[in-house]
Amino acid sequence: MKLIDNWKQAWKLKSVQVGAISAFFYIFMYAAFELLWQFGTYFPQLWAVVPEEIKQLLPHSWVAWLGFLSSVLGIFARLRAQPELHEVNQFVTVTAGHSNKDPGAVNGKFKEAELVSQFRNAVAYYLREAGIQYKTDGAGTLNQDLNSAIKLIKGSSVAVEFHMNAAASKQANGIETIALPKDKKLAQELSKAVADVFGSRLRGDNGWIDQSQSARGKLGFISNGGLIVELGFISNEAELAQFNAKYWTAAKAVAMILIKYSK
Ligand SMILES: [Zn+2]
């Protein structure tokens with residue numbers, strides 16, 4: 001029998017406390033019946049004085065045993081792990097590209113790693129509001145590295161990392177989501193949600209880029225089952241301005257898609 005993870009803390013559970021009290025109550029009842037029974041055998045004269053109602057109870061000492069057993073079984077039932085109950089309770093992973101040590105692309109005072117951390121925080125905010133379980137590679141300004149982000153993918157119903165593109169040409173623009181072919185539809189939905197808010201165009205196949213077609217080649221986050229959303233070009237002044245003005249709205253749109261997808 002596999003027990004729940006925190007079974008050592010079980011005494012804190014109300015159902016376990018009630019079960020234990022009830023088990024003690026029944027075992028006490030049983031002991032009391034037994035004592036009376038012995039008493040009756042050894043002191044027949046005194047036994048005659050015992051009220052009839054109490055004697056009536058005696059053959060029912062098995063009731064006390066049953067009560068005791070059911071209390072103990074109840075405690076075990078509460079402590080038994082039921083993984084099937086948790087499968088419906090999966091989590092969403094949202095992470096920010098790059099890290100506190102690696103700023104990613106930079107345009108003036110704006111660093112990709114910082115902008116996408118803000119975006120991750122905003123998406124996490126809306127997931128939390130909706131009561132969705134989620135994991136992130138940090139909160140606030142914390143942005144853990146790629147290895148930490150990849151570790152969060154396993155077990156999540158969907159995992160998304162946010163980046164911003166950069167190009168030598170300041171004209172380069174648009175939104176894209178790099179993902180495995182199995183996630184093509186979700187990738188297109190995510191790109192469209194962001195593009196609609198920022199007023200940007202879609203890159204690739206309606207916003208989806210197959211990782212085999214990506215200029216960066218194989219990406220660890222995607223090979224492990226995640227999706228990378230490129231939230232526009234940090235090198236494009238207009239797209240950068242759109243991001244700074246409207247990223248909360250875009251994050252809400254992204255969160256709505258992830259919530260829908262995770263259900
Ligand atoms: Zn990046």
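These legends go with close-up views of a predicted model.

View 1. Three protein donors reach the zinc ion here: His-98 through NE2, Glu-112 through OE and His-163 through ND1. Read along the sequence, the donor spacing goes H-x13-E-x50-H.

**View 2. His-98 and Glu-112, brought together from distant parts of the chain.** His-98 comes from the loop between strand S1 (91-96) and strand S2 (106-107), while Glu-112 belongs to helix H6 (residues 112-129). The two are 14 residues apart. Is Glu-112 buried or exposed? Glu-112 counts as buried because its relative accessible area is 2%, under the 20% cut-off. His-98 has a relative accessible area of 24%, so it is partly exposed.

**View 3. The open sheet, strand by strand.** Six strands line up in the order S4-S1-S5-S8-S6-S7, and the pairing is mixed. Strand S4 (134-136) and strand S7 (208-210) are the edges, each with pairing on one side only. On average, neighbouring strands here are turned by 25° against each other, direction ignored.

**View 4. Zooming in on S1 and S4.** These two strands run parallel and are joined by three bridges. Look for Val-94: its bridge partner in S4 is Thr-136.

**View 5. Helix H8 packed on the sheet.** Helix H8 (residues 184-198) touches strand S5 (156-165), strand S6 (176-179), S7 and strand S8 (227-233). The direction of H8 makes about 25° with that of S8.

Definitions and conventions: Residues are numbered from 1 along each chain as its sequence is written. This is a predicted model: local features need pLDDT of at least 70, side-chain atom pairs count only at pLDDT 80 or more; totals for chains, interfaces and linings use all residues. Side-chain values use heavy atoms; hydrogens and water are left out. Donors are N, O and S atoms within 2.8 Å of the metal (3.2 Å for Na, K and Ca); water is not among the atoms, so sites may look incomplete. Helices (H or I, at least four residues) and strands (E, at least two) are DSSP runs, numbered from the N terminus. Buried means under 20% relative accessible area, exposed over 50%, partly exposed in between (1.4 Å probe, protein chains only). Two strands pair if DSSP finds at least two bridges between them. Axes are lines fitted to C-alpha atoms, for helices over the stretch in contact, and angles run from 0 to 180 degrees between N-to-C directions. Contact means heavy atoms within 4.5 Å.
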